[in-house]
Amino acid sequence: MSSNIRTNLEAIIKGIQEHKILEVFEKYYHADIVMFEKGDSTNRIGKDANRKAEEGFVNNATIHVAKVLKVLVDGNNSAYEMYMDFTYGGHKVQKTQWALQEWKDGLVIKEEFF
């Protein structure tokens with residue numbers, strides 16, 4: 001199963017780099033997805049709530065660089081570190097963050113960003 005997770009994770013990363021965030025979200029994220037950012041106690045629960053958040057990012061951001069630094073896969077868990085350079089709402093942002101995923105039935109069911 002972990003080989004499918006690695007393949008799916010690589011597709012998600014490629015989708016981010018090719019500006020297809022919404023497409024990979026629809027294909028690789030579970031209906032019961034829970035997503036949250038470090039320091040934000042408000043978890044986004046369910047695909048509809050998370051789709052709105054993803055659409056908000058996509059509609060307000062221009063990604064200039066999305067470079068993967070590390071990828072880890074262990075059982076039903078994966079993580080990747082990504083450097084991103086983007087403009088969001090007219091402000092230039094450069095940051096490196098980790099995304100940790102838990103998988104169920106070949107789909108991301110939980111994702112946390114640090």
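**Close-up views of a predicted model**

View 1. Within H3, the residues Lys-47, Asn-50 and Glu-54 are buried. Seen down the axis of H3, its buried residues fall within an arc of 70°, so they line one face of the helix. An α-helix has 3.6 residues a turn, so residues three or four places apart point the same way. Exposed residues, namely Asp-48, Lys-52 and Asn-59, are found on the other side of H3. The cover over the buried residues of H3 includes helix H2 together with strands E1 and E2.

**View 2. The surroundings of Lys-47.** Lys-47, which is found in helix H3, has a relative accessible area of 14% and counts as buried because this value is under 20%. Leaving aside residues up to four places away in sequence, Lys-47 touches Phe-25, Glu-26, Tyr-29, His-30, Ala-31 and Ile-33. Between Lys-47 and Leu-69, which are 22 residues apart along the chain, the C-alpha separation is 27 Å.

View 3. Six strands form an open sheet in the order E2-E1-E6-E5-E4-E3, and their pairing is mixed. Strand E2 (44–45) and strand E3 (61–74) each have a single partner strand and stand at the edges, so one side of each is left without a neighbour in the sheet. Strand E1 (residues 29–37) and strand E6 (residues 107–113) run parallel and are joined by 5 bridges, with Val-34 standing opposite Lys-110 in E6. Helix H3 (residues 47–60) packs on the sheet, where it touches E1, E2, E3 and strand E4 (77–88), and its direction makes about 60° with that of E1. Helix H2 (residues 21–28), for its part, lies across E1, E3, strand E5 (91–104) and E6, and runs at about 125° to E1.

**View 4. The hairpin of E3 and E4.** Strands E3 and E4 pair in the antiparallel sense over 12 bridges, and Ala-66 stands opposite Met-84 in E4. The hairpin has 2 residues between its strands, and Gly-75 in this hairpin takes a positive phi near 60°.

**View 5. Two loop residues with positive phi.** His-19, found in the loop between H1 and H2, has a phi near 60°, a positive value in a residue other than glycine. Asp-105, found in the loop between E5 and E6, likewise has a positive phi, of about 55°, although it is not a glycine. With a relative accessibility of 53%, His-19 counts as exposed, and Asp-105 counts as exposed at 60%.

**View 6. Lys-14 in helix H1.** Helix H1 (residues 2–17) contains Lys-14, a residue that is partly exposed, with a relative accessible area of 48%. Although Lys-14 and Lys-67 are 53 residues apart along the chain, their C-alpha atoms are separated by 10.0 Å.

**View 7. Confidence along the chain.** The mean pLDDT of the chain is 93, and 96% of its residues reach 70 or more.

How values were computed. Residues are numbered from 1 along each chain as its sequence is written. This is a predicted model: local features need pLDDT of at least 70, side-chain atom pairs count only at pLDDT 80 or more; totals for chains, interfaces and linings use all residues. Side-chain values use heavy atoms; hydrogens and water are left out. Two strands pair if DSSP finds at least two bridges between them. Helices (H or I, at least four residues) and strands (E, at least two) are DSSP runs, numbered from the N terminus. Contact means heavy atoms within 4.5 Å. Axes are lines fitted to C-alpha atoms, for helices over the stretch in contact, and angles run from 0 to 180 degrees between N-to-C directions. Buried means under 20% relative accessible area, exposed over 50%, partly exposed in between (1.4 Å probe, protein chains only). The arc is that of the directions from the helix axis to the C-beta atoms. pLDDT is the predictor's confidence in each residue, from 0 to 100.
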